[in-house]
Amino acid sequence: MGMSVTISAATEADAEQILKLQYLCYQSEAQLYGDYTIEPLTQSLDSVRAELSGGSVLVARLGDEVVASVRGTIDADGTARINKLIVHPRMQRHGLGGRLLAAIESDLAAPGTAKRYQLFTGHRSEHNLRLYRKHGYAPVSTKKVDERLTLVTLAKDAEAGAFATSA
């Protein structure tokens, strides 16, 4: 078969590939919500570099190519905030997003300070919502951003796994 995908910590040298992949991956979200000014599409390379030095950033590689990425930070209260989980469109629906989500949870739990994991997505992003629910996340709040977008925040406890869910 072909090469296998490996997951590792991102380096400064990955910043440009991460930004390009992010731009590609968020096109579908922008189309879904009719808004091409969303932050992932307007983020600068310097801002991505700052995220690399200010938290946990993981990448999945196929050879030398970054095909997926995720970022996370831990707040003072112990909430591990996971964001910008992206998978190249040609690599989607093969479990890579779930592997990356598990890897960032493990990475953020390593210091022992994460009490709960939290992430968010748009209310129409069914594939994202399905992935997060499958991995034990449950909706904890919603915030209407504008007429097109409501953000759904999902969370799960870092110790016991997941909050009780009805699905």
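**Entry 1: Q43**

I began with a side chain, and I found that Q43 makes a polar contact through its side chain with the side chain of S47, at 3.0 Å. I note at once that the model is a predicted one. I then looked up where Q43 sits, and the residue falls in the loop between α3 (39–42) and α4 (45–54). Is Q43 buried or exposed? I recorded a relative accessible area of 8% for Q43; because buried means under 20%, Q43 counts as buried. Next I listed the contacts of Q43, leaving aside neighbours within four places in sequence: they are L19, Q22, V48, E51, R71 and K84.

**Entry 2: K84**

I placed K84 in strand β4. I also checked the backbone: phi of K84 is near 50°, a positive value in a residue other than glycine.

**Entry 3: T79**

I stayed with strand β4, which covers residues 79–87 and holds T79. T79 is buried, and I noted its relative accessible area as 5%. Which residues does T79 touch, once neighbours within four places in sequence are left aside? I found T73, I74, R116 and Q118 in contact with T79.

**Entry 4: R93**

I moved on to the loop between β4 and α5 (96–109), where R93 is found. R93 has a positive phi of about 70°, although R93 is not a glycine. For R93 I recorded a relative accessible area of 58%; exposed means over 50%, so R93 is classed as exposed.

**Entry 5: T11**

I looked up T11 in the loop between β1 (5–9) and α1 (15–25). With a relative accessible area of 39%, T11 is partly exposed. I also compared T11 with V59: the two are 48 residues apart in sequence, and their C-alpha atoms are 9.0 Å apart in space.

**Entry 6: the protein as a whole**

I then turned to the overall fold. How many helices and strands does the protein have? I counted six helices and seven strands. Read along the sequence, I find their order to be β-α-α-α-α-β-β-β-α-β-α-β-β.

The C-alpha trace spans about 40 × 40 × 35 Å along its principal axes. The radius of gyration is 15 Å, and this agrees with a compact globule, because a globule of 167 residues would have a value near 15 Å.

For contacts with a separation of 6 or more, I noted that 62% join residues 24 or more positions apart. Buried residues make up 42% of the 167 residues in the protein.

**Entry 7: surface and charge**

I recorded an accessible surface of about 9100 Å² for the protein. Carbon and sulfur atoms account for 53% of this surface. Lastly I looked up the charged side chains: there are 19 positive and 19 negative ones. The centres of these two sets lie 5 Å apart.

Key:
Residues are numbered from 1 along each chain as its sequence is written. This is a predicted model: local features need pLDDT of at least 70, side-chain atom pairs count only at pLDDT 80 or more; totals for chains, interfaces and linings use all residues. Side-chain values use heavy atoms; hydrogens and water are left out. Helices (H or I, at least four residues) and strands (E, at least two) are DSSP runs, numbered from the N terminus. The radius of gyration is taken over C-alpha atoms; the globule rule is 2.2 Å times the number of residues to the power 0.38. Buried means under 20% relative accessible area, exposed over 50%, partly exposed in between (1.4 Å probe, protein chains only). Contact means heavy atoms within 4.5 Å. Accessible areas come from the Shrake-Rupley method with a 1.4 Å probe; for residues, only the protein chains shown count as cover. Lys and Arg count as positive and Asp and Glu as negative; His and the chain ends are not counted. The place of a charge is taken as NZ of Lys, CZ of Arg, CG of Asp or CD of Glu. A polar contact is a pair of N or O atoms within 3.5 Å; within protein, one must be able to donate a hydrogen and the other to accept it, and residues adjacent in sequence count only if both atoms are side-chain atoms.
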